[in-house]
Amino acid sequence: MKTRIFALITLVLVGIHNGASIFGWYESMPWFDYIPHFFAGFWLIFAIILLSERYRLLDISMFKPITAIIILVSIVMFFGVLWEFFEYGLDAVSFSQKGEIFEIQPTREDILTDLFFDLLGASSAVLLLVLVRRKNQRSAANENNTPNF
């Protein structure tokens, strides 16, 4: 199930970014940048969990739930900060076809907003995972308590 959600989020994220780039939504609607940052934070949570399970990089289940949440969200924020440094570096070397300076990071507020939506997406993914886990635990507990006829 996690792999399907990960694939779906990947398609949505790539589709949103490509549509925004092709149709100029980032320029015409400055708030539009919030959407891919939200989905990037959401996507990274699933990427971290899937890669951890597949390659045994980090066993999230060995931590208390709150500690696991803090670790996951911290990893997402680390990658968010790296991405903002990358965009800042692109600003230093990017020019439009007309030779004008091309700004990916127009203001400091944009950086903070990007990081906020990365955090919001990651927190939403963790909340979804916690709710699904609780539902599964309740279902398993109910199955164990029902008499077999």
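This is a predicted model: local features need pLDDT of at least 70, side-chain atom pairs count only at pLDDT 80 or more; totals for chains, interfaces and linings use all residues.
Read from the N terminus, the elements run α-α-α-α-α. Of the 149 residues in the chain, 27% count as buried, and the chain exposes about 10800 Å², of which carbon and sulfur atoms supply 67%. As for the contacts between residues at least 6 apart in sequence, 66% of them join residues at least 24 apart.

Let me begin with helix H1, which covers residues 2–23. H1 has 22 residues and spans 31 Å from its first C-alpha to its last, close to the 32 Å expected at 1.5 Å a residue. Which residues of H1 are buried? They are Ile-9, Leu-13, Ile-16, Gly-19 and Ala-20, and because they cover an arc of only 140° around the axis, they lie on the same side of H1. These buried residues pack against helix H2, residues 25–28, and helix H3, residues 34–55, whereas the face of H1 turned away from the buried side carries the exposed residues Thr-3, Arg-4, Leu-11 and Ile-22. Just after H1 comes Gly-24, which takes a positive phi of about 70°.

Let me turn now to the aromatic residues. The whole structure contains 12 aromatic pairs, and one of them, between Tyr-26 and Phe-32, is edge-to-face, with 6.1 Å centre to centre and 65° between the planes.

In soluble globular proteins, nonpolar side chains tend to be buried together. Here the largest nonpolar core has 15 residues, and the members that touch the most others are Ile-45, Leu-72 and Val-76. At least two residues of this core come from each of H3, helix H4 (65–93) and helix H5 (108–145), and the largest share, 6 residues, is supplied by H3.

What is Val-76 in contact with, once its neighbours within four places in sequence are left aside? Its contacts are Gly-41, Leu-44, Ile-45, Ile-48, Asp-118 and Ala-122, and among them is Ile-45, which was also named with Val-76 as one of the core residues touching the most other members.

Notes. Residues are numbered from 1 along each chain as its sequence is written. Side-chain values use heavy atoms; hydrogens and water are left out. Helices (H or I, at least four residues) and strands (E, at least two) are DSSP runs, numbered from the N terminus. The expected span of a helix is 1.5 Å times one less than its number of residues. Buried means under 20% relative accessible area, exposed over 50%, partly exposed in between (1.4 Å probe, protein chains only). The arc is that of the directions from the helix axis to the C-beta atoms. Contact means heavy atoms within 4.5 Å. A nonpolar core is a set of buried Ala, Val, Leu, Ile, Met, Phe, Trp, Tyr and Cys residues joined through side-chain atoms within 4.5 Å. Rings of Phe, Tyr and Trp (its six-membered ring) pair if their centres lie within 6.5 Å; planes under 30 degrees apart count as stacked, over 60 as edge-to-face and the rest as tilted. Accessible areas come from the Shrake-Rupley method with a 1.4 Å probe; for residues, only the protein chains shown count as cover.
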